[in-house]
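Thanks for coming, everyone. Let me put the structure up, and then I will walk you through it.

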Amino acid sequence: MSKQIQAIRGMNDCLPQDTPAWQYVEQMLRQTVASYGYSEIRFPIVEMTELFKRSIGEVTDIVEKEMYTFADRNGDSLTLRPEGTACCVRAGNEHGLLYNQEQRLWYTGPMFRHERPQKGRYRQFHQFGLEAFGIASADIDAEVIMLSARLWQQLGLTPYVKLELNSLGSSDARAAYREALVAYLEQHKAQLDEDSLRRMYSNPLRVLDSKNPALAQLLSAAPQLADYLDEDSAAHFGRLKQLLTLAGIEYTVNPRLVRGLDYYNKTVFEWVTTELGAQGTVCAGGRYDGLVEQLGGKATPAVGFALGLERLVLLLQTLNLLPTLAPAAEIYLMALGEQAELAALSVAERLRADMPGARIMQHCGGGNLKKQMKRADKSGAAIGLIIGDDELARGEITVKWLREDKPQQTVLLSELAKTLAFAA
Ligand code: ATP
Ligand code: MG
């Protein structure tokens, strides 16, 4: 026997027992974003490497060590997309969707990051994201957050997720803060870890994002960005908090929330849960007013978020919040005898035409009644249909209730759809 080829580490198959959960979540997401007037956009999985370097930032986890980058046959450096916002902005600029317009867009699909695989963290994972372009005021930040809150409500997750909020201010405000932060970090150099020392000058805000618990105390005593906010950003943040309070959405201001990507300004937020262990961020986003211009377009304000679908599905599974799984088939059609076997496929086809939406599985491969009934049982169907040569000759079929204690029934083939519709 030849050796089996395995999937790549950190890249998962989604098996039939799990796809209904994904479909359920995807459908809820589509419904929710549609109810706010968002339209879907699709873009390629591979982009020029430069796109992510210029947007996410050179000194970030993603660009420094997580990207799947390779040379195309013609020598171009390409990257499997690690996130969607940069791609969305690239596509929006390229097709003239953004400048001087308002766009509410959503996307979904696989993303790729070369991280250490663990529960809730994979190398191919899936995001659902949305981006609102062309609106600078805080009401759209509030809308985006309220949309996510509505989603939690619809999925039954409201008690299990908490909103954390911060404002990164303008780039000038961040520059002033940066100086104060670097000065503080320099004073405590001896306590910093290797990552933080490296980032202290290149991207000091990212030091705040450190997940090293040994630094927690040091970092919580560090100067806070809130004290350096420019007037405009402070007013924007105040307005957002006011709108969220009016909407009854609870939040915590987390002054250390800086997000792992460089393009954010003003609002940043995360929805976190304590139910998933270390990988507790289910949804994350913020405002990125500078990115469109940074990627070659005309300055356009923007705000958005991305949520991790694996973490969302995992959370729903952990909390037992998924609807019960419907079996693949409702009706299982069996045939006994040569003529009946020949006719069975067309009987099933006619039934599908007469009962749109019904899930009808046709027994294939023959065998005796016992074998066919065993398959019918395994299919999960509630109704078994048996057609034999004699019945076929009389234009009849037997209806058998597989999960109920009800006597079987023989009905005219021409009446079958009506009988079954009545039974359902
Ligand atoms: P984390 O801090 O968990 O690494 P991040 O800040 O890198 O997250 P974003 O780039 O903001 O995450 O992505 C948005 C969301 O996508 C995350 O909140 C998370 O739910 C999900 N996500 C990110 N990376 C992964 C991954 N490797 N595997 C599964 N889901 C992920
Ligand atoms: Mg990450």
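Which residue has a backbone N or O atom 2.9 Å from an oxygen atom of ligand 1? That residue is Thr281. Before I go further, please keep in mind that this is a predicted model.

Let's stay with the ligand. Lys211 puts a polar side-chain atom 3.0 Å from an oxygen atom of ligand 1. How much of the ligand is covered? On its own, ligand 1 exposes 580 Å². The protein buries 91% of that area.

Who is in the shell? There are 16 residues around ligand 1. Those that come nearest are Arg113, Glu115, Arg121, Arg259 and Thr281. Sorted by class, the shell has 6 nonpolar, 4 polar and 6 charged residues.

Now the strands behind that shell. Strand S6, residues 124-133, supplies at least two shell residues, and so do S10, at 281-287, and S11, at 302-308. Which strand gives the most to the shell around ligand 1? The answer is S10, with 3 residues.

Let's step back to the whole chain. The domain assignment gives two pieces. Domain 1 takes in 19-169 plus 229-318. Domain 2 covers 331-423. Taken over C-alpha atoms, the centres of the two domains are 49 Å apart.

Next, cysteines. How many disulfides does the count come to? The count is 0. Take Cys87 and Cys88. The closest cysteine sulfur to the one in Cys87 is in Cys88, and at 8.3 Å it is too far away for a bond. A disulfide needs the two sulfur atoms within 2.5 Å. Seen from Cys88, the closest cysteine sulfur is that of Cys87, again at 8.3 Å. And their surroundings? Cys87 is buried, at 0% relative accessibility. Cys88 is buried too, also at 0%.

Is Phe269 buried or exposed? Phe269 sits in strand S9, residues 265-272. Its relative accessible area is 1%, so Phe269 is buried. Leu163 is 106 residues away from Phe269 in sequence, yet their C-alpha atoms are 7.0 Å apart.

Then Ala71, in strand S3, residues 68-71. Ala71 has a relative accessible area of 60%, so it counts as exposed. Between Ala71 and Thr49 there are 22 residues of separation along the chain, and 9.6 Å from C-alpha to C-alpha.

Last topic, backbone angles. Most residues other than glycine have a negative phi. Here are two asparagines with a positive one. Asn100 has a phi near 60°. You will find Asn100 in the loop between helix H4, at 85-94, and strand S5, at 103-112. With a relative accessible area of 67%, Asn100 is exposed.

Asn320 lies in the loop from helix H12, at 309-318, to strand S12, at 331-336. Its relative accessibility is 68%, so Asn320 counts as exposed.

To recap the ligand: the protein buries 91% of the area that ligand 1 exposes when taken alone. Thr281 is among the residues that come nearest to ligand 1. That's my tour. Over to you.

Technical notes:
Residues numbered from 1 in each chain as written. Chains lettered and ligands numbered in written order. Predicted model: local features only at pLDDT ≥ 70, side-chain atom pairs only at ≥ 80, totals over all residues. Heavy atoms only, no water. Near = heavy atom within 4 Å. Polar contact = N/O pair within 3.5 Å; in protein donor to acceptor, adjacent residues only side chain to side chain. Areas by Shrake-Rupley, 256 points an atom, 1.4 Å probe, with all protein chains shown as cover. Helix = DSSP H or I, 4+ residues; strand = E, 2+ residues; numbered from the N terminus. Nonpolar A, V, L, I, M, F, W, Y, C, P; charged D, E, K, R; others polar. Buried < 20%, exposed > 50% of the residue type's maximum accessible area, 1.4 Å probe, protein only. Domains from an automatic or database assignment.
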